[in-house]
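User: Hi! Could you walk me through this one while I have it open?
Analyst: Happy to, let's take a look together.

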Amino acid sequence: MRNRPRASLGRILQDLGSTVLDVAASPGDLDIEVTGVHIYDPLDELIVPRGGILLAVGVQGAADICALLGRAPQAAGVVVKLPVDADERVRATVLETGVAVLGLTRAASWSQVAALLRSLLAEGDLAEPGQESQGDLFSLANAVCALLDAPVTIEDRSSRVLAFSGRQDEADPGRVETVLGREVPERYLRLLDERGEFKRLYQSREPIYIEIDDGTVVNRAAVAVRSGDEILGSIWAVVHEPLSAQRQRALADAAKIVALQLLRERAGADTQRRMRADLLSTVLAGGTDAAEAAERLGIATTRLCVLAAQLSDVDAADPARGESDRQRFCDALALHVGAIHPKAAAALIGSVAYAVLPLHSAGEEEARAVRVAESFLARVGPRHAANVGAGRLALSLSQVARSRADADRALRVLRARGTTGQAAGYTAVHFESLLLQVADVAAAEEQTPTGPYQRLLDHDAEHGTELAATLRAYLDAFGEVNIAAAQMHIHANTFRYRLKRLLEISGLDLADPDARLTAMLQMRIFGR
């Protein structure tokens, strides 16, 4: 097992470049080791271990920055959105605590910078100068950057950034936007596709040169990354002129090495994901092995809420792409909950991404879990249409199975509504969930509508009428004929006539509350 290179704060700043992060106030030496990324939440207890980078969301002004530095004296750095009010007080506090204050460009979102930093730390990209490449994608990107003397990205078939080299601040705004968003912006994809550049790239075994003809974008050299006939991705370099023959050969050779690394990482990632999914499944089942599985995952064992998230727009015609989308969606969920609590975990189980989210003792835990889910959906919404269900609070591992069942039922209610981009807690949709469960029992026992409602359905089927729909509209409008008629798009007198006919045919007594309830429940349960 190889040792990962040490991730120093100075190396991170060097690789990201001043376009993304800049030093606003420094204690001097930035050689401190970075151990993780944490997001500041004023409503939660602040726990930043030694070497953590703290993303100070919403923090502005010298006084607030100084107060936060005092509360996180073990952090490697505190990140604040530009412009940073780094006055004498801030600089003095930085020298006293030894915690650097960094400024984040306003063009970047907090989720983007968290993803960038976590990716760098996870990949072990941050080898110190003079060290040999450690064999991961980020180190390979840096090696290609050195060979070509140009900033480089390694992308998958969907133009999502898998790794990037240093010196990105030397590139154009389009590349910076690509690195921040971890994927090529849509307008550039459309431009390249319309010009046939992707077709030329994937048909060629050699690097190609692409002239952008745009005053704001530098030209590109690109090569496809292949495994036999399978296209795994591509390497893109920002260049001002065509590559020399020697540099073309270097880029082509680099593509072969990247292909091997992608295949190794794909195999390793699949194994790790299966293991995490198996362990999380054990935790969610809440059996005798749940405690051991939770310990191996490193997650909390008390005061947990389960989130169940599912994409609602997966392309059934392309199963491979659908599975990739689901996995990337789950990775995003894992990143989101991990930023909130270090002992959270997420994994893809079937088509549902489950997350176990620890919550502090502040009351209204289910509502807080829903807010976390809503925040996640707001962040991934442009790329992933999805719904999230949240279960009730589990005070111990033995109750996690119940919370998982709650989350599944809440998610099912959202699917049944036909909505997308929504989050719901189980208690908020409890009655709808019960109706769906009753409908399951009725379907399993092959039960059918009875009484007045069945007579209306039979009459509609035989004569092509809409008496059942008329009754539904009347009950939904609490007996307000004008409202019900508008809902049916008919005149009020026509609606009254239909109402009279349905009462004659069905024998329903609308004055009887039990009869009304029976009809309404049958409509909901049998869904006709």
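User: In what order do the five strands of the open sheet come?
Analyst: The order is S12-S13-S11-S14-S15, with mixed pairing. Keep in mind that this is a predicted model.

User: And which strands stand at the edges?
Analyst: Those are S12 (345-349) and S15 (423-425). Each has a single partner strand, so one side of each lacks a neighbour in the sheet. On average, neighbouring strands here are turned by 20° against each other, direction ignored.

User: How do S11 and S14 pair?
Analyst: In the antiparallel sense, over five bridges, with S11 covering residues 304-311 and S14 covering 386-390. One detail to click on: Ala-308 has Gly-389 in S14 as its bridge partner.

User: What does helix H13 lie across?
Analyst: H13 (residues 400-417) lies across S11, S13 (352-358), S14 and S15, and runs at about 35° to S11.

User: Switching topic: is Ser-165 buried or exposed?
Analyst: Ser-165 has a relative accessible area of 1%, under the 20% cut-off, so this residue counts as buried. You'll find Ser-165 in the loop between strand S7 (161-164) and helix H6 (173-181). A polar atom of the Ser-165 side chain lies 2.8 Å from the backbone nitrogen of Val-152.

User: Nice. Which residues have the most contacts inside the largest nonpolar core?
Analyst: Leu-55 and Ile-235, in a core of 53 residues. Helix H5 (residues 137-148) gives the largest share of this core, seven residues. There is also a second, separate core of 27 residues, which includes Ala-344, Ala-346, Ala-353 and Ala-355.

User: What does Leu-55 touch?
Analyst: Leaving out residues up to four places away in sequence, its contacts include Val-37, Tyr-40, Trp-110 and Leu-117.

Technical notes. Residues are numbered from 1 along each chain as its sequence is written. This is a predicted model: local features need pLDDT of at least 70, side-chain atom pairs count only at pLDDT 80 or more; totals for chains, interfaces and linings use all residues. Side-chain values use heavy atoms; hydrogens and water are left out. Two strands pair if DSSP finds at least two bridges between them. Helices (H or I, at least four residues) and strands (E, at least two) are DSSP runs, numbered from the N terminus. Axes are lines fitted to C-alpha atoms, for helices over the stretch in contact, and angles run from 0 to 180 degrees between N-to-C directions. Contact means heavy atoms within 4.5 Å. Buried means under 20% relative accessible area, exposed over 50%, partly exposed in between (1.4 Å probe, protein chains only). A polar contact is a pair of N or O atoms within 3.5 Å; within protein, one must be able to donate a hydrogen and the other to accept it, and residues adjacent in sequence count only if both atoms are side-chain atoms. A nonpolar core is a set of buried Ala, Val, Leu, Ile, Met, Phe, Trp, Tyr and Cys residues joined through side-chain atoms within 4.5 Å.
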